[in-house]
Amino acid sequence: MRSLVLILSVAVTASVAMDVPREFKDKTDFYNLFSQCFGEEAMALYYGGIMQACKYCMQVQTPSDLANELNSFNSNEVEVLKGLLSNPALAQLIMASSNFRGRNKREIDEGLVKMSQSDLDDLMDGIQESKMEMMSK
């Protein structure tokens, strides 16, 4: 009886000790799957890129750091900055120097607007055929 209890306690202890955290297991499974599909070199480059991105992100200031920096200005400095930013000549200079190109709305004469009725009918027929093919599979 003692030997049975001892064996069961060893088995339970071993199974608890071998329990791998779910996140680590998922990452390992992901790596193994993609390394078999794309190769070890591609996965090494992928994870290298992720590590470089993490290092970069750790160096970037958080929004709370920026807010703290803004709070450190006195009222006179804030008024001077507001005056500079409200100056239209400065705004034009900033726009010209930064090669800023604002987003333009799409032209109305492009896209589906120029489709003829026969093109639209062909599109609808193609959609119906695709639906029928998918339903028959």
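Which helix holds both Lys-27 and Glu-23, and how many residues apart are they? Both lie in helix α2, four residues apart, which is about one turn of the helix. The model shown here is predicted. Its protein chain has seven helices and zero strands. Three salt bridges are counted in it.

**Overall build**

- Read along the sequence, the pattern of the protein chain is α-α-α-α-α-α-α.
- That makes seven helices, with zero strands.
- Helix α2 covers residues 22-38.

**Surface**

- The protein chain has 137 residues, and 1% of them count as buried.
- The chain exposes about 13,200 Å².

**Salt bridges: the idea**

- Side chains of opposite charge can pair when their charged atoms come close.
- The cut-off used here is 4 Å, from a side-chain nitrogen of Lys or Arg to a carboxyl oxygen of Asp or Glu.
- By this rule, the count is three.

**Asp-26 and Arg-22**

- Asp-26 forms a salt bridge with Arg-22.
- Their closest N and O atoms are 3.8 Å apart, so the pair falls within the 4 Å limit.
- Both residues belong to helix α2, where four residues, or about one turn, separate them.
- Asp-26 is partly exposed, at 37% relative accessible area.
- Arg-22 has a relative accessibility of 61%, so it counts as exposed, the cut-off being over 50%.

**Lys-27 and Glu-23**

- The side chains of Lys-27 and Glu-23 meet in a salt bridge, at 3.5 Å from N to O.
- These two also sit in helix α2, about one turn of the helix apart.
- Glu-23 is exposed, because its relative accessible area is 54% and the cut-off is over 50%.

**Lys-25 and Asp-29**

- Lys-25 pairs with Asp-29 in a salt bridge, with the closest N and O atoms 3.0 Å apart.
- Lys-25 and Asp-29 are four residues apart in helix α2, so about one helical turn separates them.
- Lys-25 counts as partly exposed, at 40% relative accessibility.
- Asp-29 counts as partly exposed too, at 37%.
- Both values lie between the 20% and 50% cut-offs, which means neither residue is classed as buried or as exposed.

How values were computed: Residues are numbered from 1 along each chain as its sequence is written. This is a predicted model: local features need pLDDT of at least 70, side-chain atom pairs count only at pLDDT 80 or more; totals for chains, interfaces and linings use all residues. Side-chain values use heavy atoms; hydrogens and water are left out. Buried means under 20% relative accessible area, exposed over 50%, partly exposed in between (1.4 Å probe, protein chains only). Accessible areas come from the Shrake-Rupley method with a 1.4 Å probe; for residues, only the protein chains shown count as cover.
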